[in-house]
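Hi,

Here is the structure I promised to pass on. Please open it first, then read my notes below.

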Amino acid sequence: EVQLVESGGGLVQPGGSLRLSCTGSGFSFDDYGMNWVRQAPGKGLEWVAAITWNGGTTYYAESLKGRFTIARDNAKKIIYLQMDRLKSEDTAVYYCAKSPVLEMVFCGSWGQGTQVTVSS
């Protein structure tokens with residue numbers, strides 16, 4: 001079955017950086033686009049970024065473009081999210097998901113996510 005395991009979160013000061021990782025298994029990793037989504041305290045899921053199957057094209061939420069970078073290593077079956085110049089509003093649990101995200105929302109196998117806390 002599909003398994004997704006996120007890691008790399010932690011506590012960081014505003015303006016700092018973190019790199020998140022997600023390891024996928026149980027599916028043909030390089031057949032799927034991949035995404036990062038997040039859930040802030042008291043909020044619903046927010047889409048963050050996406051990357052095509054071979055890493056050729058990336059997409060970002062408008063408010064995050066320029067600060068976040070998504071990448072993938074298909075040989076290792078890992079996707080990454082490099083987060084720079086972090087802000088307090090970036091505090092959330094971050095999850096990875098294979099495309100389409102909507103399918104994941106209804107019947108996907110979510111990982112536990114990784115907590116990112118941005119605070120001084």
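Keep in mind that this is a predicted model. I started with the pairing at one end of the sheet. Strand E2 and strand E10 (residues 114–118) run parallel and share 3 bridges. Within that pair, Val12 sits opposite Val118 of E10.

Now the whole sheet. It is open, with 6 strands in the order E2-E10-E9-E4-E5-E6. The pairing is mixed. Strands E2 (10–12) and E6 (58–60) each have a single partner strand, so one side of each lacks a neighbour in the sheet. On average, neighbouring strands of this sheet are turned by 25° against each other, direction ignored.

Next, the core. The largest nonpolar core holds 29 residues. Leu4, Trp36, Val48, Phe68, Leu81, Met83 and Tyr94 have the most contacts inside it. Two or more residues each come from E3 (18–25), E4 (34–39), E5 (45–51), E7 (68–73), E8 (78–83), E9 (92–98) and E10. E9 gives the most, with 4 residues.

Val48 is worth a click. Leaving aside neighbours within four places in sequence, its contacts include Trp36, Phe68, Leu81 and Tyr94. Val48 also touches Tyr59, Tyr60, Ala61 and Leu64, among others.

Glu62 and Gly111 are 49 residues apart along the chain, and 25 Å separates their C-alpha atoms.

Best wishes

Definitions and conventions: Residues numbered from 1 in each chain as written. Predicted model: local features only at pLDDT ≥ 70, side-chain atom pairs only at ≥ 80, totals over all residues. Heavy atoms only, no water. Pairing = 2+ DSSP bridges. Axes fitted to C-alpha atoms, helices over the stretch in contact; angles between N-to-C directions. Core = buried A, V, L, I, M, F, W, Y, C linked by side-chain atoms within 4.5 Å. Buried < 20%, exposed > 50% of the residue type's maximum accessible area, 1.4 Å probe, protein only. Contact = heavy atoms within 4.5 Å.
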